[in-house]
Amino acid sequence: MKLRVYLTFDEATVREPIIWKLAKEFDVITNIRTAEVKNNMGLVGLEIEGADDVVEQAIIWLGQQGVHVEPIEQNVIEG
Amino acid sequence: MSESIVRALKCRECGQEYAIEPTHVCEFCFGPLEVVYDYDKLQGKFTRELIESRPQTMWRYKELLPIDGEPTVGVQNGFTPLVRAKNLEKVLGVKELYIKNDSVCYPTLSFKDRVVSVALSKAVEFGFKTVACASTGNLAGSVAANAAAAGLESYVFIPHDLEQGKVLGAGIFGTKIIGIKGKYDDVNRLCSEVAGKYGWAFVNVNVRPFYAEGSKSLGYEMMEQLGWRAPKHVVVPMASGSLCTKVDKSIKEFIKLGLIEDNGTAVYGAQATGCSPISKSVKDGTDLIHPVHADTIAKSLAIGNPADGYYANRVIKESGGWAEDVSDQEVVDAMKLLAETEGIFAETAGGVTLGCAMKMIESGRLPRDESIVLCITGNGLKTQEAIIDAIAKPRIIDANLKEFDALAEADGVATTDK
């Protein structure tokens with residue numbers, strides 16, 4: 001599967017090479033499509049490609065690293 | 001119907017253009033897509049007289065909405081009252097205040113009926129038979145009702161622990177409701193995956209560019225009802241931030257088409273403090289939106305990572321407006337004030353809008369001597385739980401005239417009986 005997500009990095013994670021670690025840890029292809037990085041925050045539009053279960057695990061791992069993961073639509077659930 | 005002036009879908013980030021299809025994200029940069037038009041085709045044809053000759057619905061501006069031909073869903077929707085709020089003017093000490101009252105929007109009492117009728121009309125054009133949304137309130141009810149009236153199948157996705165009353169507001173229309181267990185982020189991601197996998201028109205995902213355009217009708221009506229002019233200031237509630245950008249777009253379009261003079265309208269955004277990522281970004285002077293976990297009684301505005309936050313922030317800054325946020329108590333107080341002064345029972349989002357406007361009037365951000373429109377987007381009957389403890393309880397008496405006489409006397413009420 002190919003999953004398109006936005007990753008939000010906070011002050012604690014913005015300097016960490018987390019996308020590099022992700023590709024080392026899991027058999028996925030990462031493709032950065034957009035990014036904005038500042039001192040205290042980073043926003044990355046990322047495509048993650050791999051086997052369905054591996055991509056699922058990769059998403060869980062990103063959350064464990066303190067990265068906020070959302071679909072590219074961001075909040076789909078509206079009031 | 002004149003020829004459609006819709007040109008394309010265009011990426012708001014990189015400018016890449018796409019054909020009119022059920023798609024919403026730029027394949028190159030993941031930027032959101034926006035409907036763009038060839039306004040030149042309307043020059044001299046789209047006049048005040050033509051608009052005024054049409055039925056009083058949101059579709060009297062159909063050339064500026066992204067459908068081909070006539071609408072097929074929500075044909076009667078829109079054209080809600082614009083109320084001159086004389087009583088509230090006195091309380092707030094302002095000269096010219098109006099309420100655009102979408103708490104009485106047909107058929108489900110929120111401005112979502114505008115966006116949903118455009119989304120579903122477009123879905124029918126595209127050949128979809130099933131429509132869907134993920135919602136905790138107004139959107140669910142609107143999709144379910146408008147789909148039912150149009151003979152479309154509908155699916156509504158909700159968190160599994162949503163209050164019964166809100167489930168009822170969609171369930172009555174015969175929609176298929178799916179409650180999803182899990183944390184908000186997981187539920188949210190699943191909804192996105194479902195939208196991508198099934199061949200449905202998911203109103204706030206794959207037909208979102210069309211859906212969002214429906215909000216412009218609120219702006220068009222506001223300007224026509226003001227006597228073909230834009231207000232100096234307009235205050236809108238912000239969830240995703242989309243309404244803020246679309247009201248601004250509606251004003252710019254009317255100026256471009258020569259329907260109104262450029263009044264230098266400033267757009268102001270309102271949020272609840274418990275979910276205020278956009279107003280915080282405006283106040284902090286940044287354009288980065290920090291996602292938050294929503295915690296407010298204004299549930300219809302509780303979007304922690306708003307997709308249009310960046311664009312709303314930009315509209316507010318470029319138009320010379322501002323953004324504010326208010327506590328839940330201020331929301332309740334403002335709901336009561338609006339009801340007691342103008343007879344309008346707005347949902348919590350309406351309390352947010354009025355509460356923030358009051359704060360900005362006090363701080364001088366909103367001038368007291370210029371025209372202000374407040375956009376009220378939903379009905380208070382839907383969020384009664386928020387104010388149940390704030391309303392005076394009835395005084396109970398026996399069925400006995402003496403008991404009432406005692407109460408009346410205490411209230412200082414005179415009788416006509418000698």
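1. Let's start with a helix. Helix α12 of chain B (residues 328-342) has 15 residues and reaches 21 Å from its first C-alpha to its last, close to the 21 Å expected at 1.5 Å a residue; the expected span is 1.5 Å times one less than the number of residues. Helices here are DSSP runs of H or I with at least four residues, strands are E runs of at least two, and both are numbered from the N terminus.

2. A quick word on what you're looking at: this is a predicted model, where local features need pLDDT of at least 70, side-chain atom pairs count only at pLDDT 80 or more, and totals for chains, interfaces and linings use all residues. Residues are numbered from 1 along each chain as its sequence is written, with chains lettered from A and ligands numbered from 1 in the order in which they are written.

3. Back to α12(B). B:V331, B:V332, B:A334, B:M335, B:L338 and B:E342 are buried in this helix (20 or more other C-beta atoms within 10 Å of the residue's own; exposed is 12 or fewer, partly exposed is in between, and C-beta atoms are placed from the backbone).

4. What covers the buried residues of α12(B)? The cover includes β4 (82-84), α2 (86-92), β5 (96-101), β11 (266-272), β12 (323-326) and α13 (348-362) of chain B. After the helix comes B:G343, with a positive phi near 70°.

5. Chain B also has an open sheet of 4 strands, ordered β8-β7-β6-β9 with parallel pairing; strands pair if DSSP finds at least two bridges between them. Its edge strands, β8 (176-180) and β9 (201-202), each pair on one side only. Strand β6(B) (residues 130-134) is joined to β9(B) by 2 bridges, and B:A132 stands opposite B:F202.

6. Finally, the chain contact: 18 residues come from chain A and 31 residues from chain B. On the chain A side, β4(A) gives the most, with 3 residues.

Technical notes
Contact = placed C-beta atoms within 7 Å.
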